[in-house]
Amino acid sequence: MFQVRIHGRGGQGVVTAAEILSVAAFLEGKNAQAFPTFGSERMGAPVTAFCRIDNKPIRLREPVVAPDALIIQDATLLHGVAIFEGLTPSGFVLINSPKSFAELDLGAAAKSFLPDHCHTLPATKLALEFVGRPIPNAGLLGGFAAITGILTFDSVAEAILSKFPRAIGEKNVAAARAAFELMTKGTLAHAQAS
Amino acid sequence: MRKQVETSRAIAETIALCKPEVICAYPITPQTHIVEGLAQMVQTGQLSNCEFINVESEFAALSVAIGASAAGARAYTATASQGLLFMAEAVYNASGLGLPIVMTIGNRAIGAPINIWNDHSDSMSMRDAGWIQLFAETAQEAADLHILAFRIAEELSCPVMVCVDGFILTHSYEQFDIVSQADVDAFLPAFEPRQVLDPAHPVSIGAMVGPEAFMEVRYLAHHKQLRALERIPVLSEEFERRFGHSTGGLLRTYRTEGAETIVVALGSVNGTIQDVVDDLRQEGSSIGSVSIGCYRPFPLAALRAALGHAERVVVVEKSLAPGIGGTLATDVRTALAGSGIPIFTAIAGLGGRAITKASLLSLFKKAEAGTLDDLLFLDLNLPLIQRHLDREKQQGRTGPTAENLLSDIRALAAQIG
Amino acid sequence: MPATTIKFYQTGTFTIGNRLLQEEGASVQSAESRPNVLTSGHRACQGCGEALGARFALDTAMRAANGQLIVANATGCLEVFSTPYPESSWRVSWMHSLFGNAAAVATGIAAAMKVKGRHDVRVVAQGGDGGTTDIGLGCLSGMFERNDDVLYICYDNEAYMNTGVQRSSATPTAASTATTPAVGPHPGNPPGHGKSVPLIAMAHRIPYVATASVADLRDLEYKVEKAMRIHGARYIHIHVPCPLGWGTEPSATVKVARLAIETGLFPLFEAEFGEVTERTPIRHLKPVEDYLKVQKRFAHLFSGNADPQGVAAIQNIANSNIKEFALHA
């Protein structure tokens with residue numbers, strides 16, 4: 001089972017991101033379960049969503065306590081909530097930020113992470129460029145596909161298209177593709193550097 | 001047809017396949033997405049021949065369903081928590097009149113204190129109202145049970161509640177096999193009421209009954225529930241043959257053959273329990289679990305048969321009878337009366353508190369080791385409790401309990417590094 | 001009700017020989033073939049205004065619907081005295097709802113008829129003042145707002161009679177009830193403006209609202225007939241004296257109801273879409289004393305140490321009704 005935890009704020013499409021991931025997994029013939037932490041609807045409040053992916057039916061009903069991947073849609077959350085709690089030793093971290101992972105200065109929290117599993121991505125910038133709205137989820141999903149290899153880009157793209165009206169969907173796919181390519185180059189660079 | 005959607009959407013689509021004629025509901029978290037889905041389908045015409053009525057309260061919702069059902073229409077509504085209580089009078093009215101209404105309950109805690117998250121206190125509050133209460137273990141079952149519910153309801157002339165864990169199931173995005181219209185039509189014939197408001201054959205429905213006949217009327221309600229115990233397994237089997245999904249039934253056993261410890265629970269927590277059972281079996285434990293699918297009527301005989309060989313039973317339940325212990329546990333005790341099998345009650349998950357694999361693992365190990373209290377509250381924050389009890393001892397006007405606990409949580413968290 | 005020119009053979013009364021009218025203008029009750037929806041054998045008190053009003057209203061509705069009528073009835077006197085198990089006096093498809101949801105149950109019945117294509121079947125909901133002005137107001141407002149195709153009839157005897165004459169929001173100023181007894185420094189129901197459900201109905205701008213009384217039964221029938229020609233939410237509020245609860249002579253029910261009209265305390269009017277369209281002017285204006293003095297529930301207003309302002313306050317209510325609804329002839 002591969003477990004993903006997505007952090008962000010209300011209105012940034014965190015829940016939709018988890019749902020898209022689950023649809024992408026479904027399209028690849030996998031079982032997937034996506035759900036948010038639930039609270040009263042409110043823009044700007046911290047929101048967490050989860051996605052479990054497995055090849056067999058998923059029976060588990062607890063929140064994801066040991067994520068294999070973290071997607072952080074809003075960097076202002078980094079020093080608040082215990083956002084990295086439970087990340088597995090070889091877990092992936094993808095943060096929406098124009099800064100590099102090192103520049104974010106996550107200090108002690110990041111010491112145990114695998115360097116080549118930790119990335120940042122200017123997803124908001126990509127969203128503004130390709131979609132015209134600062135909703136970073138599509139870009140982050142493209143980046144997620146690239147760094148984890150858990151899902152193919154094509155599945156993610158098709159899942160995005162199933163979630164939005166045609167025109168908006170295609171713009172989001174473009175943002176995801178740009179992120180995917182950026183991350184693919186980046187991981188190559190990482191690998192070459194190490 | 002397979003698709004990945006929110007459970008509430010799958011429920012709505014499945015209900016639409018049942019061709020309801022009148023849908024009337026009042027919004028309450030966490031049932032909203034189900035009703036919104038149905039509203040959308042009626043608006044677009046995907047669900048045709050259906051009157052969708054936006055009512056002004058839950059009491060109105062079930063009242064409209066009662067009127068519609070009495071007039072011969074297949075009626076559906078949904079609610080949770082406070083809403084179920086607000087319609088309580090109508091809940092008894094519907095079963096007393098024998099109207100085959102199907103109602104989804106998005107299981108949610110009841111206030112005060114107000115809480116929108118999952119537990120079973122709402123449907124538990126109506127457990128003796130004479131409705132059949134089915135509990136969904138999985139998201140697929142949450143959708144499927146509605147088809148079974150209409151069939152059972154109309155055959156027995158008895159309303160049915162389909163209980164679906166709020167948020168945990170209702171808001172989960174999963175894979176579904178949405179069944180076909182043809183299969184539903186074959187399984188669920190058109191509604192033929194036992195009694196109906198028909199100008200051509202006028203009858204008076206809802207008369208007062210005095211001491212001379214009320215005992216008999218109530219005995220017949222009891223008899224109806226016993227009949228349901230016989231019919232539910234039969235109809236569930238027919239359902240499985242027709243649709244290929246294992247759905248309903250009185251209860252399901254998981255690895256209980258030869259199990260020394262058997263866990264009993266209602267609803268979605270059974271999924272997590274089964275994962276823990278697998279882990280413990282791997283370690284050599286003799287443990288299994290029973291998921292009760294039909295809570296009312298309560299399957300006394302079937303449960304006794306399933307648990308009869310166990311050395312101990314652990315009931316994990318999302319409900320509480322304050323001052324007594326468990327609500328489900330009390331029924332389990334009735335089933336095992338005279339057997340001598342010790343029953344442990346773990347009250348868990350109230351108000352949406354997560355029930356984790358780790359906690360269950362520890363709980364079941366303690367049960368096996370014989371170190372479990374008869375009654376316990378899983379993962380209770382004891383320092384928080386103690387602070388409050390101390391406060392009550394020291395002060396007269398302590399203020400609202402909920403407020404105090406919430407600010408204590410912050411204070412305690414600040415203490416912990 | 002529009003005027004019909006006929007010759008009176010008896011003066012000083014309102015008797016109109018039905019044989020003098022065209023058949024369409026005759027009372028439903030005058031026909032041998034009347035539906036008798038609420039037939040004899042029910043357990044109502046002698047002189048019950050509600051039984052009288054219900055019989056006239058429902059026979060009219062039944063005839064207007066060509067027999068295709070379904071009735072939802074709230075808990076209350078009418079429901080209790082008409083269906084003592086194992087008997088029923090109803091000769092119509094009838095359902096006892098609950099206390100506060102007759103309007104909602106009727107909405108459900110109407111929806112079922114609509115979905116089944118039974119456009120010929122009409123639905124009536126009925127209840128007393130308790131079940132309408134108090135506990136049933138939420139469901140009633142919902143039915144109004146949605147413009148559901150239901151005619152709601154309220155039989156207003158101004159208190160919770162079936163449970164022992166307790167005060168409702170329809171109980172008039174100063175009336176003595178079991179929960180507003182005529183004792184102490186302020187006997188009877190405290191003064192207030194009351195709760196006019198006809199005005200509340202008008203505020204919803206439903207197609208038809210009317211008040212009626214058992215003092216003018218042809219007018220009552222006329223209004224029910226008119227309502228039955230309309231589709232959508234409709235409301236008729238009928239004033240029905242209760243000999244037991246009001247402390248009046250059982251044989252005086254119609255007379256007492258007429259006094260309520262003639263004093264201005266119960267205005268007769270019709271409204272459509274929120275505007276008053278017709279009113280019945282008062283032919284012989286009477287002072288409120290004439291009405292109050294024949295009811296034991298107002299006896300304390302006339303005792304030795306009664307507050308002289310008591311009756312005056314009620315006269316003020318009558319005067320403002322007359323002004324508001326232009327009831328002067």
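Leaving aside residues up to four places away in sequence, A:Thr48 touches A:Arg5, A:Ile6, A:His7, A:Val14, A:Pro36 and A:Thr37. Touching, or contact, means heavy atoms within 4.5 Å. A:Thr48 is found in strand S3 of chain A, residues 46–54. Strands (E, at least two residues) and helices (H or I, at least four) are DSSP runs, numbered from the N terminus. A:Thr48 counts as buried because its relative accessibility is 15%, and buried means under 20% relative accessible area with a 1.4 Å probe, protein chains only.

This is a predicted model, in which local features need pLDDT of at least 70 and side-chain atom pairs count only at pLDDT 80 or more, while totals for chains, interfaces and linings use all residues. Residues are numbered from 1 along each chain as its sequence is written, chains are lettered from A in the order in which they are written, and side-chain values use heavy atoms, without hydrogens and water.

Now turn to the interface. Here 26 residues of chain B are in contact with 20 residues of chain A. The area buried between the chains is about 1,900 Å². That is the accessible area (1.4 Å probe) that two parts lose on being put together, summed over both. Carbon and sulfur atoms give 53% of this area. In chain B, B:Gln4, B:Tyr173 and B:Gln175 lose the most area to chain A, together 32% of what that side buries.

Charges meet here too. The rule finds 3 salt bridges across the interface, each a side-chain nitrogen of Lys or Arg within 4 Å of a carboxyl oxygen of Asp or Glu. A:Arg59 and B:Asp278 meet in a salt bridge, at 2.7 Å from N to O.

Key. Buried < 20%, exposed > 50% of the residue type's maximum accessible area, 1.4 Å probe, protein only.
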